[in-house]
Amino acid sequence: MITSGVCRGFTTCFLGTNEDRSGPFTARIVSAAAFFALAVASPGFAQDPPEQPDLQWEDYAEVYTDRYIEPYQHLKLDKLGQARSRVLALYAMGRTYEERARFDKAITVYREVLALAPEFGELARKVGILLAQNGKPIEGRKVLEASLEQNPDSPLAYTVLSEYLATFLGRSPENRRRSVELAEQAVEKFPANPEVYEHIVKVYLIGRQPEKAQAVMDKAIKREDPDPFYWLRVAETAKRVWPISTKSGAEPVRINGIYEKALLRAPNNPVILEK
């Protein structure tokens, strides 16, 4: 047994005193040797501790880039909102294709939009023109015919198809006749819409029928419409039918009379007063 309270070096601490080196003496030798061998064999023995890496906040953060995050309930769209969102997304995609001159893809995507939103008359016009410009005028006509069939109460559907027939398929007498018929139907069906007068006047003047243009404008002027902006638009169209004389002392009585109707209906409107 070790009787001293002080350890006198490695041999004394691990092996005991001379008096105690009997009995389990051999086992102590083996244990001490094994401990020393393990200590020496350790990679960190008599070496400086390894440097800690330079850690950043990102090393501790949990980044779930591949995890689907459910949106808040108040941000979720109902079925109508989802449909509208899809229409807007497709329209934006079509615009991107068009800007990159990838017209086939633009037309395909735009037609998907029209399938979801057939009332989008301006887009139907765009698709028709794109098809005509890319060598498919008959296909463009089908698009606009379908638009008219789906929107029988839209003045634009009539005027767009009429304009298309005269512009891209006007070599055919049948198409020119159909163009005029559509313009006249629009005037009869939507007399309060000033755009139908603008269109039919253009059709008549291009067809060298100024008398018909004047007659239809006389009808527009004889109407009693409460909308002052109707009269502003009619006055602008009337200038094409009855050009204002540049002779000194000449007074455009007919045109001024139309502007007066607008002024009577909105005497304090700055837009009307400016005209």
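Me: How do the axes of helix H10 and H12 cross?
Reply: The axes of H10 (residues 194-206) and H12 come within 9 Å and cross at roughly 10°. H10 is therefore roughly parallel to H12, a label for angles under 35 degrees. Axes are lines fitted to C-alpha atoms over the stretch in contact, with angles from 0 to 180 degrees between N-to-C directions. Helices are DSSP runs (H or I, at least four residues), numbered from the N terminus.

Me: Which residues of H10 and H12 make the contact?
Reply: Among them are Tyr 197 and Val 201 of H10 and Tyr 230 and Arg 233 of H12. Contact means heavy atoms within 4.5 Å.

Me: What about the source of the coordinates?
Reply: This is a predicted model, where local features need pLDDT of at least 70 and side-chain atom pairs count only at pLDDT 80 or more, while totals for chains, interfaces and linings use all residues. Residues are numbered from 1 along each chain as its sequence is written, and side-chain values use heavy atoms, leaving out hydrogens and water.

Me: Changing topic, which residues of H7 are buried?
Reply: Gly 140, Val 143, Leu 144, Ser 147 and Leu 148 are buried, meaning under 20% relative accessible area with a 1.4 Å probe, protein chains only. They fall within an arc of 135° seen down the axis of H7, so they line one face of the helix; the arc is that of the directions from the helix axis to the C-beta atoms.

Me: And what covers them?
Reply: The cover includes helices H5 (103-116), H6 (121-133), H8 (155-168) and H9 (173-189).

Definitions and conventions. Buried means under 20% relative accessible area, exposed over 50%, partly exposed in between (1.4 Å probe, protein chains only). Helices (H or I, at least four residues) and strands (E, at least two) are DSSP runs, numbered from the N terminus. Angles under 35 degrees count as roughly parallel, over 145 as roughly antiparallel, 65 to 115 as roughly perpendicular and the rest as oblique.
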